[in-house]
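Biologist: I would like to learn how to read a structure like this one. Please show it to me, and I will ask about its features in turn.

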Amino acid sequence: MTPTGPAESLHEVTLTVNGVPRSASVPARRLLSDFLRHDLGLTGTHVGCEHGVCGACTVLVDGETIRSCLQFAVMHDGAEVTTVEGCARGDGELSAVQRAFGECHGLQCGFCTPGFVTTVTAYLDQHPDPSEAEAREAITGNLCRCTGYQNIVASVLRAAQLRREEREEAPG
């Protein structure tokens with residue numbers, strides 16, 4: 001017994017995070033965001049509102065965007081998770097999305113940026129050539145208090161352009 005009551009049972013959770021198998025024993029109610037940040041030490045995923053509204057905690061689970069502050073880690077045992085740390089290219093260089101946010105000044109304080117990067121990465125995988133209106137729609141689930149969104153929209157469009165250029169330059 002702990003001073004406040006019975007000890008909470010722990011559950012082994014194993015995920016593939018950014019291509020690396022990772023495990024930890026956690027309480028059933030450990031949020032995925034807390035699992036990533038505190039148990040695995042991946043602090044790129046930010047927690048803002050803790051209500052799933054702001055999008056700062058957005059990660060990819062099996063290629064789909066989710067709010068990690070609304071999901072328990074045990075719900076995703078065996079899943080493949082991509083955080084902002086995993087959005088970089090395989091050679092360690094910045095991805096087209098990450099480069100575009102830098103080039104277009106789509107970030108200021110940077111708190112919301114990890115959620116935007118993961119959201120835009122997943123969106124461009126499915127919609128490689130968005131219009132400005134489509135880019136605006138794609139980011140509606142993420143909040144930013146600094147940029148006014150113009151540069152974020154420009155970042156989405158620039159990332160799409162950079163990805164097209166990468167495909168054109170790719171051998172084969």
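Biologist: Which helices do the buried residues of helix 5 pack against?

Modeller: A few conventions come before that. This is a predicted model, in which local features need pLDDT of at least 70 and side-chain atom pairs count only at pLDDT 80 or more, while totals for chains, interfaces and linings use all residues. Residues are numbered from 1 along each chain as its sequence is written, and side-chain values use heavy atoms, with hydrogens and water left out. Helices (H or I, at least four residues) and strands (E, at least two) are DSSP runs, numbered from the N terminus. A residue is buried under 20% relative accessible area, exposed over 50%, and partly exposed in between (1.4 Å probe, protein chains only). Contact means heavy atoms within 4.5 Å. In this model, helix 2, helix 3 and helix 4 are what the buried residues of helix 5 pack against.

Biologist: Which residues of helix 5 are buried?

Modeller: They are I152, V153, S155, V156, A159, A160, L162 and R163.

Biologist: How do I check the length of a helix?

Modeller: Compare its expected span, which is 1.5 Å times one less than its number of residues, with the distance between its end C-alpha atoms. The 20 residues of helix 5 should span 28 Å, and its end C-alpha atoms are 29 Å apart, which agrees.

Biologist: How many residues of helix 3 are buried?

Modeller: The count is 12 of the 14, so helix 3 is largely enclosed by the rest of the structure. Among them are F116, V117, V120, Y123 and L124.

Biologist: What do the buried residues of helix 3 pack against?

Modeller: Their partners are strand 3 (58-61), strand 4 (64-67), strand 5 (80-82), helix 2 (96-103), helix 4 (132-138) and helix 5 (150-169). Helix 2 can be read in the same way. Its buried residues are A96, V97, Q98, A100 and F101, and their cover includes helix 3 and helix 5.

Biologist: How many helices and strands does the chain have?

Modeller: There are 5 helices and 5 strands, in the order β-β-α-β-β-β-α-α-α-α along the sequence. The radius of gyration is taken over C-alpha atoms, and the globule rule is 2.2 Å times the number of residues to the power 0.38. Here the radius is 17 Å, close to the 16 Å that the rule gives for 172 residues, so the chain is as compact as a globular protein of that length. Along the principal axes, the C-alpha atoms fill a box of roughly 60 × 40 × 20 Å. Buried residues make up 43% of the 172 residues.

Biologist: Where is F111, and what is it in contact with?

Modeller: F111 is in the loop between helix 2 and helix 3. With neighbours within four places in sequence left aside, F111 is in contact with H46, V47, G48 and A56. Its relative accessibility is 39%, so F111 counts as partly exposed.

Biologist: Which residues is E134 in contact with?

Modeller: E134 is in helix 4. Beyond its neighbours within four places in sequence, E134 is in contact with Y123 and D129. E134 counts as partly exposed because its relative accessibility is 40%.

Biologist: What should I look for in phi?

Modeller: Most residues other than glycine have a negative phi. N18 has a positive phi, near 55°, and is found in the loop between strand 1 (10-17) and strand 2 (20-27). D62 also has a positive phi, near 50°, and lies in the loop between strand 3 and strand 4. H105, which follows helix 2, has a positive phi near 55°.

Biologist: Is D62 buried or exposed?

Modeller: D62 counts as exposed, at 53% relative accessibility. N18 is partly exposed, with a relative accessible area of 24%.
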